[in-house]
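Have a look at the sequence and the model first, and then we can walk through them together.

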Amino acid sequence: MINLKTYGYIEIEAIPDGLLPGRVTELRRERFTVMTERGEVTAVLKGAFYHSVETRVDFPCVGDFVLLQYNESGDSLIVTVLPRRSKFSRADYSGHAVGYAKTVREQVVATNFDYVFILSSLNWDFNVTRLMRYLTQVRQSGSQPVVILTKADLVEDYSLPLAEVTQSIPDVPVHVVCSHTGLGLNELAPYLMPGKTVVFLGMSGVGKSSLLNALIEQDVMRVQAIREVDSRGRHTTTHRQLFMLPSGTMVIDTPGMRELGLFDAGEGIRASFTDVEEWFPQCRFADCRHQGEPGCAALADGSLPRERWEHYVAQQHEHKYVQDKTSYLIDKRARNKTIAMSSKQTKKNGGWKK
């Protein structure tokens with residue numbers, strides 16, 4: 001028997017008879033790998049599950065705790081997803097360029113975690129603005145962000161990029177590591193505690209798989225070389241998967257993201273730019289748009305760096321764009337729910353009348 005508490009499970013409600021709790025550790029297409037007290041099982045969604053959820057967001061994701069009907073001789077059936085304590089999402093433009101997307105959907109990347117390691121390599125692809133975007137979405141997720149600067153062996157002096165990151169995001173822990181030499185790995189120990197879950201996020205080629213191999217002390221993930229011409233990586237991780245480290249920490253490894261689309265990030269933006277928004281109450285006019293109006297305190301005396309302001313505006317504009325595109329789906333779901341309830345009530349009252 002396996003103690004599911006070692007996988008972060010907290011029993012918050014009585015389990016109905018005939019159901020078994022478990023944690024989703026891997027997802028490949030429509031098949032799930034779930035760790036239960038009876039060991040690892042493969043599972044699929046029960047047919048009724050498709051009718052009980054409103055959107056794909058409610059489908060199980062790696063990191064989710066679920067209840068399933070156990071089958072020792074075949075696929076178990078997932079009946080429900082238990083409440084999530086944290087969730088990292090991104091905007092899904094359905095393959096369209098940002099300006100051409102008719103609707104924007106939410107894509108859940110991982111759930112039920114304590115820390116998010118935002119990885120960025122110290123090569124030519126190093127980009128602080130991208131780190132700030134990840135940081136906003138991580139703060140929206142409800143967990144603690146940690147910035148990991150990888151591949152320290154590729155630069156002679158990493159003090160300048162380290163200083164750039166710490167100045168741009170001063171309230172977030174930043175660590176420099178090299179997975180091949182072991183540099184800085186001991187600094188990660190405070191996060192890697194038994195029962196805790198860490199999510200690895202970053203672009204392809206930043207060293208997520210190499211760091212996982214170093215922490216798990218074996219080569220569980222294949223590693224590919226980056227393209228020398230532009231320091232861009234190839235997709236090593238092709239699906240999301242949860243691994244157990246020797247320390248008892250769980251790591252959710254995710255495929256590299258070329259771009260991170262912010263989704264429902266209002267709270268995350270406010271948390272990331274408190275230094276910007278604290279100026280707003282000092283503006284002369286209550287409806288100030290902070291775009292050069294007379295008496296605008298935000299940029300009046302130069303106390304707020306212009307670049308910092310531009311990052312804030314860019315994220316707010318993207319947030320508004322995504323909100324506008326998702327409102328259609330929200331309204332559509334509400335209409336469908338109303339129609340379904342009306343149909344049930346009509347049938348209950350004796351069916352349709354001519």
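## Strands around β5

The strands concerned, β4 (residues 65–69) and β5, are antiparallel and share 4 bridges. Between them sit 6 residues, and the two strands form a hairpin. Here strands are DSSP runs of E with at least two residues, helices are runs of H or I with at least four, and both are numbered from the N terminus; two strands pair if DSSP finds at least two bridges between them.

Strand β5 (residues 76–81) also runs parallel to β3 (residues 39–45), with 3 bridges joining them.

## The cavity

Searching the whole structure turns up 1 cavity of 30 Å³ or more. A cavity is a set of points on a 1 Å grid over the protein atoms alone where a 1.4 Å probe fits but cannot get out, and lining residues have an atom within 4 Å of a point. The space in the largest cavity is about 70 Å³, where a volume is the space filled by probe spheres set on the points, joined across faces, edges and corners.

Its lining includes L119, F126, R130, Y134 and M203. Two or more lining residues come from each of β8 (115–121) and α2 (128–141). By class, the lining has 6 nonpolar, 4 polar and 2 charged residues, with Ala, Val, Leu, Ile, Met, Phe, Trp, Tyr, Cys and Pro counted as nonpolar, Asp, Glu, Lys and Arg as charged, and the others, Gly among them, as polar.

## About the model

This is a predicted model, in which local features need pLDDT of at least 70 and side-chain atom pairs count only at pLDDT 80 or more, while totals for chains, interfaces and linings use all residues. Residues are numbered from 1 along each chain as its sequence is written, and side-chain values use heavy atoms, leaving out hydrogens and water.

How values were computed. 1 Å grid on protein atoms, 1.4 Å probe; cavity = no way out; pocket = protein on both sides within 12 Å on 5 of 7 lines; lining within 4 Å.
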